[in-house]
Structure formats: C-alpha cells, structure tokens
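Open the model in your viewer and get ready to select a few pieces one after another. We will take the tour in short stops.

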Amino acid sequence: MIKQTSANRTMTAPIGTKCQQEKSQNENSHGTPSDAESQLPILPTNTAEKSPLAVLQANGLVETGVPRLHVEAGLYGDTDADNEELLAAQAEWDEVETVTPGKLHVSLSNQSQLIAFNEALHHFQTKDMTHLKSQIKPSIHRSGWTAFRHLVFGPPSIHRELMEEREMVFCIAACSFDNEEDIHLRVLQTVYKKLTGSKFDCKRYGDHWDQVGFQGVDPSTDLRGVGFLGLMNLLYFVTNPATLTLAREIHKLSQHESQNFPFCVMGINLTKMALQALREDCLNKECNRRRQVVGVLNDFYVGAYLQLYLNWKHHQRTIVDSGHVLKDIETFSKKNPRAVIRNLETHLSEKHYVADTGSPRGIKTDKGPQLQFSGVGEIEEKG
C-alpha cells in the first residue's frame, strides 16, 4: 500500500515492493506512451469504499500492469566478510559529525537545477524526433458525409506555418521517459520540488511520489497514453509564475481528508483530453488567432484543471465523482475552448496572481525560424 499524505487514505500501488535500494534506483525505467486515447469513462457509483487510485484504475483513468521492481534480500549474512563490511559501515557512520539543532548546513551544490519550461521545450525543438513521426496520430480520419460536414461546418484548418509545431506536440506525447536524459530527470524533480517546496532532490524511485499524486514508486509508469507531454504540461503549470499559486491551491485540495485525489494522475488525464481536443481540431481557431500551438495547449490544459478544481471544491466532490466530473469537463472544453482560456484569464486576474513572466515567449531553434509562444497574461485581443 502507498500511503497518502492525508491520514485517512491510502493508495493501492501496482508495485510489489518499495524500491528504495540503490540497485533498483539505477535501473532504466521507461514509460511506454501510446498516442491513442479513448473517451474518459463515467465512473460507476458502487466504488465509494475503494481507495482513490483504486477507483481511477478500475475506471481506466490510470494505467495498470506496471512492471515490478525487485529488491535483493539478505544484505548481511553470517560470514566473516559480511561482518567486516558491517563493522566498516558502522565505523564510517560513527565518524559522521553530530548535527547540533539550529546549525544544519546542507550543501545544495550537488542538487539538480530547476528547469524552466522554455529550456525543456527547446530540448524537444532541437531534438531529432523523425523516428517518432510514424507512431503519431495527429488528426482524425474522416470520410464521406462526416468529412464533408467537418469541412463545411467544422472548425477552420490550422495554418500551414503551425503544422510543424503541432506535429512536435504529438511527437512529445510519443516520447518515453528516459532515465539517461538529464532533461527528463530535471523536469521530474522540478515538478516535485515546486509542489512540495523541497529544495533537495528526491530519490528516483520511492513512495514519496504519492505526495504529488503519482500512483506508485515510479512516476514514469503513469505516463502511458501521453508520454512526456504529461510532464511538460505539469512543468508549465508549476513553473509559470502566473499559475504556480493556482497549482499549489489545487495540490492542497488534492490532499484534503475527504476530497482527496491524485494530483499528477488527474493532470495526466487532462493532458489526454487536451491532446484529443488538438487532434479533433477543437483548438485550431485559437491556435490560428494566437499563431502558436504549444502556448494554446498549455493554457487550455490549465484552464481545464481550473474548471475541475472549482467544480471539485464548491460541489464537495470526492474521488467517486471523478469519472462524471472529467467527462463533463471534456464535453464542455472541446465545445468551448476559448471560454476555458478566458475563464482562466479572469480567474488569475481576480485573484491578483503574479503577472506571467515565465511563459514561453519564443525560442530560436537550430532547425528553422523562431517559434513564438505566449501564455496567460500575454494574450492581446485581436479584432
């Protein structure tokens, strides 16, 4: 069982052991993204006594079948060599200086640096992702009357100059988490530090990840269906000064005694929804208006999370309501993407959050012209 931060709830983890050993930390674990997402199911009503993650797993909102990580037993035996090793370890421990209260000095020099969204995005803009293009599904195939109706009555086609950026988003969603990529590890650590307020790196594997709402000891196993895009959306949410306070408010609610829910797992479900909205051309009009894709997708994602937060908070929702709430948000958001973003702008303005100074504004790539991105707080109405 994975213990939540709330005293009265637990999360069922798919991992058979708590993988805290150094050997398991060095194992290379990859999330396996699949770019095909299905509609979020409506949660049945007979799940009231299940743990939050058990409810989400039972209804397809989190992935199961996570590979087990094993820890070797019997670290110390009865041989002389083992006893000598134990004595040496004890001697090393005895040499550690006793820490006096109020005089704790811990070096931060060996801690990973926080990563900004722009830096992580630039990594993908300059990365060769040709091998991923055959795996992505950037649009819905339509034929016959459906295709004609979509052409005549549907949203406008996305501008040609935005096609490459749009394709990049789907490639990121097809990209697995890689323990060998420093950028990947820094993104994961940044999400954890921003939500918990910690200044120190946490272990790659462990039950501490449930503090930010992952379902097991390895966060990468939750990224199936959205790949690294799930972490990119979370990174934008917690590093953008305009939305960080909101992210922490939602995270606080997610740890409520009765209204708790897994923050990051819920965010991954909203990434699936946002990606599907992009695939169905629901965001085309807004992308064309702002002449960008990434910025629109980010704000749509945060706006959808805001809708969930307000609904959850004011209607006293619990994890049993998650399926219905997500379905309602998906239906409304796809039909009214501009309203979702406008509601976010209004909420941030009324709450007097810090003005946006960290949203993506444009990064020069090594492969072409400069791409311009903006976030909430930088949008100017155009006639």
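Begin with a pair of helices: helix 4 and helix 7 are roughly antiparallel to each other, a label used for angles over 145 degrees. Select residues 117-125 for helix 4 and residues 182-196 for helix 7; they pack at an angle of about 150°, with their axes 11 Å apart. The axes are lines fitted to C-alpha atoms over the stretch in contact, and angles run from 0 to 180 degrees between N-to-C directions. Helices here are DSSP runs (H or I, at least four residues), strands are E runs of at least two, and both are numbered from the N terminus.

Now show side chains. Glu119, Ala120, His123 and Phe124 in helix 4 meet Ile183, His184, Arg186 and Val187 in helix 7, where contact means heavy atoms within 4.5 Å. The residues of this contact divide into four nonpolar, two polar and two charged. In this scheme Ala, Val, Leu, Ile, Met, Phe, Trp, Tyr, Cys and Pro count as nonpolar, Asp, Glu, Lys and Arg as charged, and the others, Gly among them, as polar.

A note on what you are viewing: this is a predicted model, in which local features need pLDDT of at least 70, side-chain atom pairs count only at pLDDT 80 or more, and totals for chains, interfaces and linings use all residues. Residues are numbered from 1 along each chain as its sequence is written, and side-chain values use heavy atoms, with hydrogens and water left out.

Next, zoom out. The protein has 14 helices and two strands, and buried residues make up 49% of its 383 residues; buried means under 20% relative accessible area (1.4 Å probe, protein chains only).

Which residues have the most contacts inside the largest nonpolar core? Select Met232 and Tyr305, in a core of 82 residues. Such a core is a set of buried Ala, Val, Leu, Ile, Met, Phe, Trp, Tyr and Cys residues joined through side-chain atoms within 4.5 Å. Helix 12 (residues 294-314) supplies the largest share of this core, twelve residues.

Stay on Tyr305: not counting residues up to four places away in sequence, Tyr305 touches Phe237, Ile250, Phe261, Phe263, Met266, Gly267 and Leu270.

Leu246, Glu249, Ile250 and Leu253 of helix 9 make the contact with Val302, Tyr305, Leu306, Tyr309, Trp312 and Lys313 of helix 12. By class, this contact has eight nonpolar, no polar and two charged residues.

Technical notes: Buried means under 20% relative accessible area, exposed over 50%, partly exposed in between (1.4 Å probe, protein chains only). Angles under 35 degrees count as roughly parallel, over 145 as roughly antiparallel, 65 to 115 as roughly perpendicular and the rest as oblique.
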